[in-house]
Amino acid sequence: PTEAAVPHFNALEIAFRLTRREAVDLGFWGDPPQPLTDPGRRNDGLKRVKERLKLAPEADRRRWYDQVLEALAVSPEQIRAYAATDERFRLLTWEEAGRLRDAGVEIGSHTRTHRTLSRLSASELEAEIVGACEDLRHHLGLAEIPLAYPYGGAAHVGAAAPAVARRAGHSCALSTIPGRNEPATDRFLLRRVGFRELTGGP
């Protein structure tokens with residue numbers, strides 16, 4: 001229910017903001033309690049939880065997600081109420097997305113709910129990729145729709161997602177796998193060159 005109203009990554013950030021606990025007990029992972037006594041430690045705890053959940057099998061991810069919220073003593077209702085009052089957590093409406101399209105902004109897909117595709121069942125993978133593509137066609141009338149895979153690493157994309165993206169009719173799909181693209185590169189598993197690598201910056 002929480003994820004249906006607030007994206008899971010935003011919900012976790014809100015929960016770590018709202019909790020009044022001085023530590024979060026992550027014993028269900030065999031981890032020691034994570035101190036939450038200052039903003040830096042809260043941020044560290046949030047990062048640790050996100051990394052744990054990112055590559056978890058989907059059933060485990062959902063269970064652990066609920067356990068994290070319980071350990072933080074923050075309810076789904078509190079998360080939804082906070083998200084509704086903070087502009088940073090507001091999502092675009094279809095009307096607003098249409099205005100961006102009309103202004104010349106290229107709009108692509110990032111799946112429906114930003115889950116780790118390699119950890120989904122075949123039906124869930126279809127819903128995330130094909131469903132999102134169909135949503136964009138229906139609401140915005142888009143024909144050419146690029147896809148950016150959530151998280152984008154090889155372990156996050158998995159073996160099945162590129163074929164599903166192709167079948168959905170996407171124009172291409174981008175990973176975050178480092179490297180340059182050659183004529184023979186699969187356009188449904190495009191590489192990227194990092195900004196720092198490109199500029200030679202620190």
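**Notes on the predicted model**

1. The largest pocket has 29 residues in its lining, and those nearest its centre are L91, W94, T111, R112 and T113. This is a predicted model, and the pocket is computed from it with a volume of about 850 Å³. By type, the lining comprises 14 nonpolar, 9 polar and 6 charged residues.

2. Which helices supply at least two residues each to the lining of the largest pocket? They are α1 (2-5), α2 (8-18), α4, α6 and α7. Of these, α7 gives the most, with 4 residues. Rolling a probe the size of a water molecule over the atoms is what shows where empty space is left.

3. T111, one of the residues nearest the centre of that pocket, sits in the loop between α6 and α7. Its phi is positive, about 75 degrees, although T111 is not a glycine. Most residues other than glycine have a negative phi. T111 has a relative accessibility of 10%, so it counts as buried, the limit being under 20%.

4. Helix α6 covers residues 94-102, and E96, A97 and G98 in it are buried. The cover over the buried residues of α6 includes α7 (122-140). After α6 comes G104, with a positive phi near 95 degrees.

5. H114 is also placed in the loop between α6 and α7. Is H114 buried or exposed? Its relative accessibility is 13%, and therefore H114 counts as buried. Beyond its neighbours within four places in sequence, H114 is in contact with H8, F9, E128, P150 and Y151. H114 and V164 lie 50 residues apart in sequence, and their C-alpha atoms are 16 Å apart in space.

6. Y151, one of the contacts of H114, belongs to the loop between β3 (147-148) and α8 (154-157). Because its relative accessibility is 26%, Y151 counts as partly exposed. Leaving out neighbours within four places in sequence, the residues in contact with Y151 are H8, K54, H114, T116, H156 and T176. Between the C-alpha atoms of Y151 and R187 the separation is 17 Å, and the two residues are 36 apart along the chain.

7. How many aromatic pairs does the structure hold? There are 3. In one of them, the rings of W29 and W64 have centres 5.7 Å apart and planes at 80 degrees, so this pair is edge-to-face. The pair links distant parts of the chain, 35 residues apart: W29 is in the loop between β1 (23-24) and β2 (34-35), whereas W64 is in helix α4 (residues 58-72). Both W29 and W64 are buried. Ring pairs join F28 to W29 and W64 in a cluster.

8. W29 also belongs to the largest nonpolar core, which has 24 residues; those touching the most other members are L12, F16, W29, V49, V68, L72 and I79. At least two residues of this core come from each of α2, α3 (39-54), α4 and α5 (76-85). The largest share is that of α4, with 6 residues. In soluble globular proteins, nonpolar side chains tend to be buried together.

9. V49 gives a view of this core from one of its members. Apart from neighbours within four places in sequence, V49 is in contact with L12, F16, L26, W29 and V68. Another core of 23 residues lies apart from the largest one, and its members include I107, L125, I145 and Y149.

10. A73 is a further residue to check for its backbone angle: its phi is positive, about 60 degrees, and A73 is not a glycine. The loop between α4 and α5 holds A73.

Notes: Residues numbered from 1 in each chain as written. Predicted model: local features only at pLDDT ≥ 70, side-chain atom pairs only at ≥ 80, totals over all residues. Heavy atoms only, no water. Buried < 20%, exposed > 50% of the residue type's maximum accessible area, 1.4 Å probe, protein only. Contact = heavy atoms within 4.5 Å. Phe/Tyr/Trp six-rings, centres within 6.5 Å; stacked < 30°, edge-to-face > 60°. 1 Å grid on protein atoms, 1.4 Å probe; cavity = no way out; pocket = protein on both sides within 12 Å on 5 of 7 lines; lining within 4 Å. Points joined across faces, edges and corners; volume = space filled by probe spheres on them. Nonpolar A, V, L, I, M, F, W, Y, C, P; charged D, E, K, R; others polar. Core = buried A, V, L, I, M, F, W, Y, C linked by side-chain atoms within 4.5 Å.
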